[in-house]
Amino acid sequence: MGKEKAIRELEDLPGIGPTTAEKLKEAGYTDLEKIAVLAPHDLSEISGMSVDNAKKAIEAAKQATTLEYNTASKIYEDRKAIGRISTGCKDLDELLGGGIEAKSITEAYGKFASGKSQLSFQLSVNVQLPIGSGGLAGKALFVDTEGTFRPERIESIAKAAGLNPEEALNNIFVVRAENTSQQILTIERADKLIKENNIRLVVVDSMMSLFRSEFAGRGALGERQQKLNAHIHKLQKLADTHSLAVYITNQVMDNPAILFGDPTTPVGGNIIAHAATTRLYLRKSKEDKRIVRLVDSPNMPEGEAVMKITTNGISD
Ligand SMILES: Nc1ncnc2c1ncn2[C@@H]1O[C@H](COP(=O)(O)OP(=O)(O)O)[C@@H](O)[C@H]1O
Ligand SMILES: [Mg+2]
């Protein structure tokens, strides 16, 4: 006898031919999971096969549908090993539970000059710091969609962080995306670059600006959201596959439906809202101070931190 055939469908189960499979499907037993939980007598009754054969078929269905279980403590151990990148601001790091997290997407939204890009520069430098000192000992991929990447800021921030500024600049791969195709392709094709260069941070600054200008008007919204969805899922996939952190920035608009309180709402709709694991709302305060609000996090309470934008980067 050759190798046993993998069991994927009802027809692959021992003793179940196409006719029996059809009968079962008509009765609502459409997949292996449903067969696996049946009692032999019931399967026998529905299908007309003998109880003994039904037992064999159920056993095979069970084997083909084993689920993988993890204990919560195993997941906890794995989570503790997930790296974090310091933001440069102690309060903000605390708010985030130790910095922005690898394997997930952190979004910063806010008005013009609220500090979204400055934070992306700081993270691109800090990711290079040793593990345990606020970094992940890795490099950064920076997708600049607005033409606002500033190497001179990297230089100052790196110097202040005690890094060699030239090396720090060399460790950041910058792509200036002029349209959404370039933005999407950069991420689609990033696996090789990431692997070969130990990239541990991917920045998209900003996520929505090209999408908004290219897909203007109601008629284009469906296509925009579809492309955006695939794009952001690829970002999450990169995060998972390479244990890296993704930081995206987002623009805001005033939502007229919000009558009381702050009507400032990030753009991009549900797709961005669902895909971003952690959402930060940045807003201007006095002078160089910025208020950062943790809006959405799976494990940290909502709250606010104050950070400063200085020549040396983000600080307390
Ligand atoms: N070298 C610097 N020293 C201090 N502050 C700076 C420096 N460069 C930019 N900033 C401040 O950063 C702010 C712009 O933040 P930025 O992150 O670029 O905004 P956005 O949220 O639009 O991306 C400005 O208020 C500017 O004063
Ligand atoms: Mg910016």
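Which residues in α7 meet which residues in α8? In this predicted model, Phe121, Gln122, Ser124 and Val125 of α7 meet Arg153, Ile154, Ile157 and Ala158 of α8. Helix α7 also gives 3 residues to the shell around ligand 1, the largest share, and packs on an open sheet of 9 strands.

**Helix α7 against helix α8**

- The axes of α7 and α8, the latter spanning residues 151-160, come within 9 Å of each other and cross at roughly 55 degrees, which makes α7 oblique to α8.
- The crossing of these two helices, α7 and α8, is right-handed, and the residues of their contact divide into 5 nonpolar, 2 polar and 1 charged.

- Around ligand 1 stand Gly110, Phe112, Ala113, Ser114, Gly115, Lys116, Ser117 and Gln118, together with Ile309, Thr310 and Thr311.
- By residue class, the shell around ligand 1 divides into 7 polar residues, 3 nonpolar and 1 charged.

**The sheet and its packing**

- The sheet is open, with 9 strands in the order β5-β4-β6-β7-β3-β10-β11-β12-β13, and its pairing is mixed.
- Strands β5 (172-176) and β13 (313-315) stand at the edges with a single partner strand each, so one side of each is left without a neighbour in the sheet.
- From one strand to the next, the twist of the sheet averages 25 degrees.
- Within the sheet, β4 (residues 139-144) and β6 (residues 199-205) pair in the parallel sense over 6 bridges, and the bridge partner of Ala140 in β6 is Leu201.
- Helix α7 packs on this sheet, where it touches β3 (105-110), β4, β5, β6, β7 (245-250), β10 (278-284), β12 and β13, and the direction of α7 makes about 165 degrees with that of β6.

**Helix α10 against helix α13**

- Helix α10 (residues 180-188) and helix α13 (residues 221-242) pack with their axes 9 Å apart, at an angle of about 25 degrees, which makes α10 roughly parallel to α13.
- The crossing in which α10 passes α13 is left-handed; the contact is made by Thr180, Ile184, Ile187 and Glu188 of α10 and by Lys227, His231, Lys234, Leu235 and Leu238 of α13.
- The residues of this contact between α10 and α13 divide into 4 nonpolar, 2 polar and 3 charged.

Conventions: Residues numbered from 1 in each chain as written. Chains lettered and ligands numbered in written order. Predicted model: local features only at pLDDT ≥ 70, side-chain atom pairs only at ≥ 80, totals over all residues. Near = placed C-beta within 6 Å. Helix = DSSP H or I, 4+ residues; strand = E, 2+ residues; numbered from the N terminus. Nonpolar A, V, L, I, M, F, W, Y, C, P; charged D, E, K, R; others polar. Axes fitted to C-alpha atoms, helices over the stretch in contact; angles between N-to-C directions. Parallel < 35°, antiparallel > 145°, perpendicular 65-115°, else oblique. Left-handed = near helix turned anticlockwise from the far one by under 90°. Contact = placed C-beta atoms within 7 Å. Pairing = 2+ DSSP bridges.
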